[in-house]
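Please consult the sequence and the structure alongside the text.

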Amino acid sequence: MRYTLKDYQADAVGDTLRELAAAKDFYRSASKRVSSVALTATMGAGKTVMAAAVIEAASVHRG
């Protein structure tokens, strides 16, 4: 990633990745029930940068 995440952004990325993993486990174990995960933050907090970091991390740890 080209940007260095601020502490709160790194925390949000970690939280989002954990929630995505939990959603995947829920889908696999609970008769294929879907769930959703949302990333919210105030305007100017860097949601696009955080979302890019989540996508980048998820693509590296795919499986």
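Ala10 lies in helix H1, where helices are DSSP runs of H or I of at least four residues, numbered from the N terminus. The model is predicted, so local features need pLDDT of at least 70 and side-chain atom pairs count only at pLDDT 80 or more, whereas totals for chains, interfaces and linings use all residues. Residues are numbered from 1 along each chain as its sequence is written, and side-chain values use heavy atoms, with hydrogens and water left out.

| Residue | Relative accessible area | Class |
|---|---|---|
| Ala10 | 39% | partly exposed |
| Thr16 | 10% | buried |

Ala10 and Val54 are separated by 44 residues in sequence and by 9.6 Å in space, C-alpha to C-alpha.

Thr16 also belongs to H1, which spans residues 7-29. A polar atom of the Thr16 side chain lies 2.8 Å from the backbone oxygen of Ala12. Leaving aside residues up to four places away in sequence, Thr16 touches Val37, Leu39 and Val54, contact meaning heavy atoms within 4.5 Å.

In the contact of H1 with H2, Gln9, Ala12, Val13, Thr16, Leu17 and Leu20 of H1 meet Met50, Ala53, Val54, Ala57 and Ala58 of H2. These residues divide into nine nonpolar, two polar and no charged; Ala, Val, Leu, Ile, Met, Phe, Trp, Tyr, Cys and Pro count as nonpolar, Asp, Glu, Lys and Arg as charged, and the others, Gly among them, as polar.

Methods: Helix = DSSP H or I, 4+ residues; strand = E, 2+ residues; numbered from the N terminus. Buried < 20%, exposed > 50% of the residue type's maximum accessible area, 1.4 Å probe, protein only. Polar contact = N/O pair within 3.5 Å; in protein donor to acceptor, adjacent residues only side chain to side chain.
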